[in-house]
Amino acid sequence: MVYRRFLCIKDAVACINDKVDLIAVILNFSLPQTTRGTDYVCKLKIIDESHPEIPVHVFAQEIDHLPFVAAVGDIIHLSRVVMRIHEGDVYAIFNKKFSSFALYDGKDVENFQPYQVLLRYEARKHDAMIIAGLRKWLASSHVIDEPNFSLLEEINEVGLVNLVCRVLHICKTTDDKWMAFIWDGTDAPPISIYKKPEDEEHNPLPLHFKPLPSSGHVLHTFPTVGTILRLIFDVECMPYILQLLKVCQWFKLFCVECKVHEGLWYGVFTSYSKIRDIPNVDILILERQSNYDCRSLGNLDRMPSWSCPWPSKITEMLYL
């Protein structure tokens, strides 16, 4: 097996069964999954100026040895990955025994220090020049195409949505599943409930789906405006998710299943869902925070936006 030190993707796809080094932009990535054995695997899609995207399958014995990608558009240096082909499709295999990687911010033009490295990784003198070139190309291209994100107030049916929300609290439910309380400052729409009044006496509707945090201190930290959505995690890789999630920070959530239980909205994070970190200066955060700040100014604005009839802000005086 030949080892080729550094190749662009265009040249690497012609080196089937060889070990190569690649430095490329991360176009997409999956959550870790367990293999049929005892290993973990995650899948990346990478791209550079020379070639369309190719998949990379990363295998590791420990989940901590997988790449924890902060955001789409970050840069990865893959060392000693093996190029393979299956039914005409070329991909790279990251071997847990001899491959290594380093992750770099895709936007920070000043920093050339990786934010995650595998122990076997060895930096080279000209890596910084390649990374700088990729950052420049990425800034001027349109290869990163994100979907639209919905506000909680725009949810109108059960199905998949993309959200930008702040994580308020993380805890375990009574059935031993992890749950996060998320919020974006808007009010989810009310749901029609079709139930006979006589049924309410024996089987009343719940006031909330899943228990609330037991600590009063936690509840006091929740915003007083906007729907707080419960997000249930139905995935195997919770240690990975828990390392990404941080309370009081904003995240992009992709392909979250919105569901209804007894008239209450909730979300489910599945193996098809994805989570991305997001900088605090992102326009999506600023818009949501600005909306919340405006609503927090007056008592009437704190009422749910779906309230009907909406109370008048004009004081009426009746003279007798």
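The following conversation covers aromatic pairs, charges over rings, backbone angles and cysteines in a predicted model.

Visitor: What should I know about the numbering and the rules before reading the values?
Guide: Residues are numbered from 1 along each chain as its sequence is written, and side-chain values use heavy atoms, with hydrogens and water left out. As this is a predicted model, local features need pLDDT of at least 70, totals for chains, interfaces and linings use all residues, and side-chain atom pairs count only at pLDDT 80 or more.

Visitor: How many aromatic pairs are there?
Guide: Rings of Phe, Tyr and Trp (its six-membered ring) pair if their centres lie within 6.5 Å, and planes under 30 degrees apart count as stacked, over 60 as edge-to-face and the rest as tilted. By this rule the count comes to seven aromatic pairs.

Visitor: Which class describes the pair of F149 and F254?
Guide: The ring centres of F149 and F254 lie 5.4 Å apart and their planes stand at 65 degrees, so the pair is edge-to-face.
The pair links distant parts of the chain, 105 residues apart, with F149 in the loop between α2 (127–140) and β10 (159–172) and F254 in strand β13 (residues 250–261); here helices (H or I, at least four residues) and strands (E, at least two) are DSSP runs, numbered from the N terminus.
With its angle of 65 degrees, the class of this pair is edge-to-face.

Visitor: Are F149 and F254 buried or exposed?
Guide: Buried means under 20% relative accessible area, exposed over 50% and partly exposed in between (1.4 Å probe, protein chains only). F149 has a relative accessibility of 15% and F254 one of 10%, so F149 counts as buried, and F254 likewise counts as buried.

Visitor: What kind of pair do F181 and F222 form?
Guide: F181 lies in strand β11 (residues 178–183) and F222 in the loop between α4 (216–220) and β12 (228–233), 41 residues apart. F181 is buried at a relative accessible area of 0%, and F222 is buried at 10%. Their centres are 5.6 Å apart with 40 degrees between the planes, and the pair is tilted.

Visitor: Which residue has its charged end over the ring of F29?
Guide: A charge sits over a ring if NZ of Lys or CZ of Arg is within 6 Å of the ring centre and within 35 degrees of the ring normal. R135 lies over the face of F112, at 5.0 Å from the ring centre. Over the ring of F29, 3.6 Å from its centre, sits the charged end of R276.

Visitor: What is the phi of E87?
Guide: E87 is found in the loop between β6 (75–86) and β7 (89–94), and at 73% relative accessibility E87 counts as exposed. Although E87 is not a glycine, its phi is positive, at about 50 degrees.

Visitor: How many disulfides does a search of the whole structure find?
Guide: A disulfide is a pair of cysteine sulfur atoms within 2.5 Å. The sulfur of C42 is 10.0 Å from the closest cysteine sulfur, in C237, which is too far for a bond. C42 is buried, with a relative accessible area of 3%, and C237 counts as buried at 6%. The number of disulfides found in the whole structure is zero.
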